[in-house]
Amino acid sequence: MADKLLYNLPTLTKGTYQRWKFDMKAALESIEVLEIVDGTTSCPALLADNSNASAVSTWKKGDAKARLIISSSLDADHHAAIRFCLTSKQMWETIISLHEQNTETNKYIANQEFHQYFDQGMTVSSYFSGLSIIKQNLESIGETITEAALIAKIINDLPKEYDFFRQSYRIAAAAGTVLTLSNIQAQLQVIEQDVKDKPGSPDDAGEALVTKNPETKKYNRKKMNSDKEKRTCWKCGKQGHLRVNCKSKSYGRFNTTQQKGLLVQEDGYCVDSWKGDSGCSSHMTRDKSSFVNLALFDHAVNVTVGDGSKMVAKGRGTIVADLFNGMAWNQREILNVLWVPDLCEKGLLNLGVLTERGFTVELKSKLLNIYDKNKVILTGIRGPNNLYSLKIRVNSETAHIAIDSLKLWHERLAHISPKTIDKMAKSEIVDGLERIDLKENYFCDGCAMGKMTKQPYKTKSSKSEEVGAVIHADLCGKMEVESLSRSRYYLELKDEASGYTKVYFVRSKHQVPEKLKQFVADQKSETGKIMKTFFSDRGTEFDNDRVKVLLAAWNKASNECGI
């Protein structure tokens, strides 16, 4: 017991196993008995002449010391499991088998703990520390959690106040920029400090990223009962009683949620997730981008939610989403989902509609299980408002048709106008054509290019028939490989009448005037004629002072020269 107090070892419970194991190994190693516990050093057999009696005694003392330290750091349940162990090695293996047993039950519990991990009163640092412990527990039973899965969970759990960070991360990921867990933690800690420094934010650093209900004062119940209550109920908004005595099943105008946490919560459960409810009239969501197809209503349609209030639905469609059953995600289609922009929840799943479609809904004290042919496809946890929080995420690869559906149908129907598409949808002459929102803006590259116009090139009416009268010139290069004469350009001069072409290799553009002078001399000696018209692309190798001086000299030498 003295050693336990000396090292201040934590008591082993289910939640402290990883830390207990780490600290216990350090403590055993410090007193040189770790090799006895892990089995590296076994008890030597006592020889007949007792020559190794001292070594045997030393090993037994070390084993007894290790057993004392281990047993003194266990709670009652763990101590009961190791009472029949004879050596410290047996005690160590028994404890490890309890916590690191690779069974389906342990995997299920560990995976469920990972996906439903949240707690009140956490800062960014405490959240990441807890996530790291859960990851270690999963790895100890053979379950691998990749860094990409951890980042996806963190990004998915961020509240609305961190939407700008979520969008920035997605843009960076699309551009190929890779962010590590440490990078994300450092950036979130900076944002946490900014939120804390804002006016009205919590002063305590431990409350900078936590959602709490409005504080309530403690009152004397006897005095409350003796005097008529004049305060207002926070639940229904009526005077004469408090929330603790309220009999109303619905929340009134005083139902407020402060969303300042890394994990946004209301009374202990996630408010930015889908909810399972039997009081709403249909499946509904506020996120238009979640739909794979969406038909807009011609007029406003009123819908009823669980608290009896009315909201306006603007369309109906289908969502392809991943559902979490406690062990893994499975993809499903959610049909006939209403688009309700003013919905406070991310989405509502109608339990009554599910039972009508052949699914089985099982409600327990705090758990919800939805079965499809005796197989669990979705689980949820009940909150204090009798709503079940469900783990549903939208497949981003498929949830895009509703956003650019107008452009999609515009391209499918040979780039016709949006007004024509709307007329076709109203007259129902095309199968599968849903109603399109004409206010949706898009840009069609094909239409823009097709409407571009330019003047046609004029065809030349006649061709020169006089050899050497009209010369066309062009300089080609710079070539990547030099010629044998170390030239990287060649000057091509072609006679329009005969098609005769002469080529000169040049090392640089500065040699072009010299080659033109050489061509004129060669032409005069071979044909006795001089060119009258000279065509070029007006590149800098032709449109310069040196070439202009040559052309002016040739023009002066011959009255017929029309260069």
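This is a predicted model: local features need pLDDT of at least 70, side-chain atom pairs count only at pLDDT 80 or more; totals for chains, interfaces and linings use all residues.
# Briefing: loops, rings and buried spots

K478 sits in the loop that links β14 (470–476) to β15 (489–495). The chain has 563 residues, and 37% of them are buried. Its secondary structure comes to 18 helices and 17 strands. Take the contacts in the chain with a separation of 6 or more: 57% of those are between residues 24 or more positions apart.

- As background, most peptide bonds are trans, and most residues other than glycine have a negative phi.
- K373 has a positive phi, near 60°, although it isn't a glycine.
- You'll find K373 in the loop between β10 (367–371) and β11 (376–382). Its relative accessibility is 77%, and the cut-off for exposed is over 50%, so K373 counts as exposed.
- R538 also has a positive phi, again near 60° and again in a residue other than glycine.
- R538 belongs to the loop running from β17 (533–535) to α18 (545–557). With a relative accessible area of 62%, R538 is exposed.

**Aromatic rings**

- How many aromatic pairs turn up in a search of the whole structure? The search finds three.
- A pair of rings like this is described by how far apart the centres are and by the angle of the planes.
- One of the pairs is F324 with W329, which is tilted: the centres are 5.1 Å apart and the planes make an angle of 45°.
- Within that pair, F324 is buried at 1% relative accessible area, while W329 is partly exposed at 25%.
- Another pair is F534 with F542, where the ring centres are 6.0 Å apart and the planes sit at 65°. Why is the F534 and F542 pair called edge-to-face? Planes over 60 degrees apart count as edge-to-face, and these are at 65°, so the pair gets that label.
- F534 counts as buried at 17% relative accessibility. F542 is buried too, at 5%.

**Charges over rings**

- W329 has a charged neighbour as well: the charged end of R393 sits over its ring, 4.0 Å from the centre.
- W409 has R412 lying over its face, at 4.8 Å from the ring centre.

**H283, a buried loop residue**

- H283 is in the loop between β3 (274–277) and β4 (284–285).
- Is H283 buried or exposed? Its relative accessibility is 2%, and buried means under 20%, so H283 counts as buried.
- A polar atom of the H283 side chain lies 2.9 Å from the backbone nitrogen of N350.
- Leaving aside residues up to four places away in sequence, H283 touches I334, L335, N336, V337, L338, L348, L349, N350, V353, L354 and R357.

**S88, at a helix**

- S88 lies in helix α6, which covers residues 88–99.
- S88 is buried, with 0% relative accessible area.
- The side chains of S88 and D63 are joined by a polar contact of 2.6 Å.
- Not counting residues up to four places away in sequence, S88 touches D63 along with I36, V37, A66, R67 and I70.

**Two helices that pack: α9 and α10**

- Helix α9 (residues 147–157) packs with helix α10 (residues 163–174) at an angle of about 145°, and the axes are 9 Å apart.
- Which residues meet there? From α9 you have I151, I155 and N156, and from α10 you have F165, R166 and Y169.
- Sorted by class, the residues in this contact are four nonpolar, one polar and one charged.

**Q518 in α17**

- Q518 is part of helix α17 (residues 512–527), and Q518 is partly exposed at 35% relative accessible area.
- Q518 and Y504 are 14 residues apart along the chain, with 9.6 Å between their C-alpha atoms.

Methods. Residues are numbered from 1 along each chain as its sequence is written. Side-chain values use heavy atoms; hydrogens and water are left out. Axes are lines fitted to C-alpha atoms, for helices over the stretch in contact, and angles run from 0 to 180 degrees between N-to-C directions. Helices (H or I, at least four residues) and strands (E, at least two) are DSSP runs, numbered from the N terminus. Contact means heavy atoms within 4.5 Å. Ala, Val, Leu, Ile, Met, Phe, Trp, Tyr, Cys and Pro count as nonpolar, Asp, Glu, Lys and Arg as charged, and the others, Gly among them, as polar. Rings of Phe, Tyr and Trp (its six-membered ring) pair if their centres lie within 6.5 Å; planes under 30 degrees apart count as stacked, over 60 as edge-to-face and the rest as tilted. Buried means under 20% relative accessible area, exposed over 50%, partly exposed in between (1.4 Å probe, protein chains only). A charge sits over a ring if NZ of Lys or CZ of Arg is within 6 Å of the ring centre and within 35 degrees of the ring normal. A polar contact is a pair of N or O atoms within 3.5 Å; within protein, one must be able to donate a hydrogen and the other to accept it, and residues adjacent in sequence count only if both atoms are side-chain atoms.
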